[in-house]
Each structure stands twice: as structure tokens, then as C-alpha cells.
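Here is a short briefing on one protein chain. Please look over the fold first, then read the points below.

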Amino acid sequence: MTHNSSPAPKLRLLGAAVCLALLGAAPAPSLHAEPAAAVRRAVSPAAVLEVMQQAADWQLSHPSTHPEDDWTQGVGEAGMMALAGISGERRYRDAMIAMGERNHWRLGPSIFHADDYVVGQTYAELYLMTREPKMIAPMRQQFDFMLENPRNGSLWWKRRASRTVRRGATRCSWGLRPGRACTPPRATSAISISR
């Protein structure tokens, strides 16, 4: 099966910010300069990292209105963790630790809905850095429950005819949406580190 995936809004915003910053940072090539060399100078790793940090700093100072355990947040949090790994700046990791503490290291409210456990990737990465069991304890408990109560049949989430099912509603079966960042690899990586 093929799935069309679209980047999450935060990733699109970050990509657009990087492109705009690089376009603005690129020196206008002279008539004698090779255009490709000018682009290579403008698109240095340091320049890209600087734009990434500017975008992340903006996001941290302008938090989303979505719940912190929402899948849309989880995608951005995964990006923060990636940036924390390459920037050398503790503020990105510290911001994710603070988010985990505010969430009490819990996943989203729907036990069997993949959207609500994408935030677990950030918890798992933080656990690998710190080895603090509290960071993955609720996730491990939830995934153990899920393994003890397997789903029979398809894992495809089907939109109900009625749009009355909203966040916080109990879902009775596993639900995976194609093209989302919150499908089984997130769960399996989190499970594998907790064993």
C-alpha cells in the first residue's frame, strides 16, 4: 500500500524558514562568480544550523495552542530532539524535559490511538540520554497493556460518518492513520528501549 504523507505544520514552517533564510543570506553572485559556489557558501552547515536554532527558539517562545501530547506537537518535539543532538545547546533538550514533566511523562488520552503516543518518541530519546526510568514508565505501562490486549483485524483507522468523536473520546480499537509520524515504528522503538 502506498500512502501520501504530508509534513506536519511545524516541519513545513521550519522548512520554509530555512529556505527563506538561505535565500536572504545568499550573497548576490557577481558577474564573474560561479553561482553554484555562492550557493555553497550560503548553505554552509553553520548557516543551516543557525536558521534551525532561530526557528526552534521562535517556536519555544510562541508555543502552539495544541495539547503538548498531541501528535502535531510530537512531530515538532522530535525535531527539537534532533536539533538538541546537533546544536550542542542544552536549551532544546531542557525544553523537552520540561514538557515531559508537565505531561507527567504520559502519552495522549486515547490508549489505542497512534496519534496519542507519538510524544513517546521524545520521552524515549530523553530516557536514552538520562536513563531516568520515570521518563518511560507510563509509556511502558501503556504499551504493555496494548501488547496484553492485542487488536484483532485491521489497524486502519476509519473516520466515522459522524464528526462527533473528538479528542478525549474513548476509542475501542487501535487506530493508525496513513502518512502520520505516529505509526508503529515510534511504538516499537520505545518498547525496545524499555526492555
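The side chain of Asp70 makes a polar contact with the side chain of Thr72, at 2.5 Å. A polar contact is a pair of N or O atoms within 3.5 Å; within protein, one must be able to donate a hydrogen and the other to accept it, and residues adjacent in sequence count only if both atoms are side-chain atoms. This is a predicted model: local features need pLDDT of at least 70, side-chain atom pairs count only at pLDDT 80 or more, and totals for chains, interfaces and linings use all residues. Residues are numbered from 1 along each chain as its sequence is written, and side-chain values use heavy atoms, with hydrogens and water left out.

**Asp70**
- Asp70 lies in the loop between helix H3 (45–61) and H4.
- Asp70 counts as buried because its relative accessibility is 11%. Buried means under 20% relative accessible area, exposed over 50%, and partly exposed in between (1.4 Å probe, protein chains only).

**Overall fold**
- The chain has 8 helices and 0 strands. Helices (H or I, at least four residues) and strands (E, at least two) are DSSP runs, numbered from the N terminus.
- Of the 195 residues in the chain, 36% are buried.
- Among contacts between residues at least 6 apart in sequence, 68% join residues at least 24 apart. Contact means heavy atoms within 4.5 Å.

**H4 against H5**
- Helix H4 (residues 71–87) and helix H5 (residues 90–102) pack at an angle of about 145°, with axes 8 Å apart. Axes are lines fitted to C-alpha atoms, for helices over the stretch in contact, and angles run from 0 to 180 degrees between N-to-C directions.
- H4 contributes Glu77, Met80, Met81, Leu83, Ala84 and Ser87 to the contact, and H5 contributes Tyr92, Arg93, Met96 and Met99.

**Nonpolar core**
- The largest nonpolar core has 25 residues. Such a core is a set of buried Ala, Val, Leu, Ile, Met, Phe, Trp, Tyr and Cys residues joined through side-chain atoms within 4.5 Å.
- Met96, Leu107, Tyr123, Leu126 and Met139 have the most contacts inside this core.
- H4, H5, H6 and helix H7 (137–148) each supply at least two residues of the core. The largest share, 5 residues, comes from H5.
- Leu107 touches residues including Asp69, Tyr123, Met139 and Phe143, not counting residues up to four places away in sequence.

**H6 and its end**
- In helix H6 (residues 120–130), the buried residues include Tyr123, Leu126 and Tyr127.
- Just after H6, Arg131 takes a positive phi of about 60°.
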